Amino acid sequence: MTPKKQSGNAVAAPFRLPLKPFEMLTRTDARGMSCLLCGVLGILVYSDTEMAFRTGAGRVSVCGSGLRCRTYVSGNAEVVGQIASVSFSEVKP
């Protein structure tokens with residue numbers, strides 16, 4: 001197959017992979033709670049009291065104390081610590 005030729009100064013749009021759907025899984029143990037977030041596009045806030053992530057559906061904030069991001073790879077992030085709340089806010093078009 002040969003690519004289509006562009007006429008004039010038009011530039012082809014870059015190829016974009018579809019967004020992974022957002023999923024969340026929580027579990028508790030003696031040390032606190034862990035929250036696994038799948039479909040993360042980026043980290044917006046990183047502190048020991050709040051971690052916020054950008055997803056295709058909007059912003060997801062995890063609040064508490066002693067928080068740390070155990071892993072962040074391939075759109076998956078795991079937050080561990082004393083999680084008090086998880087909140088969601090939609091992206092406005």
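Y46 sits in strand β3, which covers residues 40-46; strands here are DSSP runs (E, at least two residues), as helices are (H or I, at least four), numbered from the N terminus. The model is a predicted one, so to speak of local features takes a pLDDT of at least 70, side-chain atom pairs count only at pLDDT 80 or more, and totals for chains, interfaces and linings use all residues. Residues are numbered from 1 along each chain as its sequence is written, and side-chain values use heavy atoms, with hydrogens and water left out.

Taken as a whole, the protein has zero helices and six strands, giving the pattern β-β-β-β-β-β along the sequence. Of its 93 residues, 28% count as buried, where buried means under 20% relative accessible area, exposed over 50%, and partly exposed in between (1.4 Å probe, protein chains only). Among contacts (heavy atoms within 4.5 Å) between residues at least 6 apart in sequence, 37% join residues at least 24 apart.

Back to β3. This strand runs antiparallel to strand β4 (residues 50-55), and five bridges join the two; strands pair if DSSP finds at least two bridges between them. A hairpin of three residues links β3 to β4, and V40 stands opposite T55 in β4.

What does Y46 touch, leaving out residues up to four places away in sequence? The answer is M51, R68 and C69. The side chain of Y46 also reaches the backbone nitrogen of C69 at 3.4 Å. That is a polar contact, meaning a pair of N or O atoms within 3.5 Å; within protein, one must be able to donate a hydrogen and the other to accept it, and residues adjacent in sequence count only if both atoms are side-chain atoms. Y46 and L67 are 21 residues apart in sequence, with their C-alpha atoms 9.0 Å apart in space.

Apart from neighbours within four places in sequence, E78 is in contact with S34, C35, L36, R68, C69, R70 and T71. Is E78 buried or exposed? E78 counts as buried because its relative accessibility is 15%.

I43 is another residue of β3. With a relative accessible area of 36%, I43 is partly exposed.
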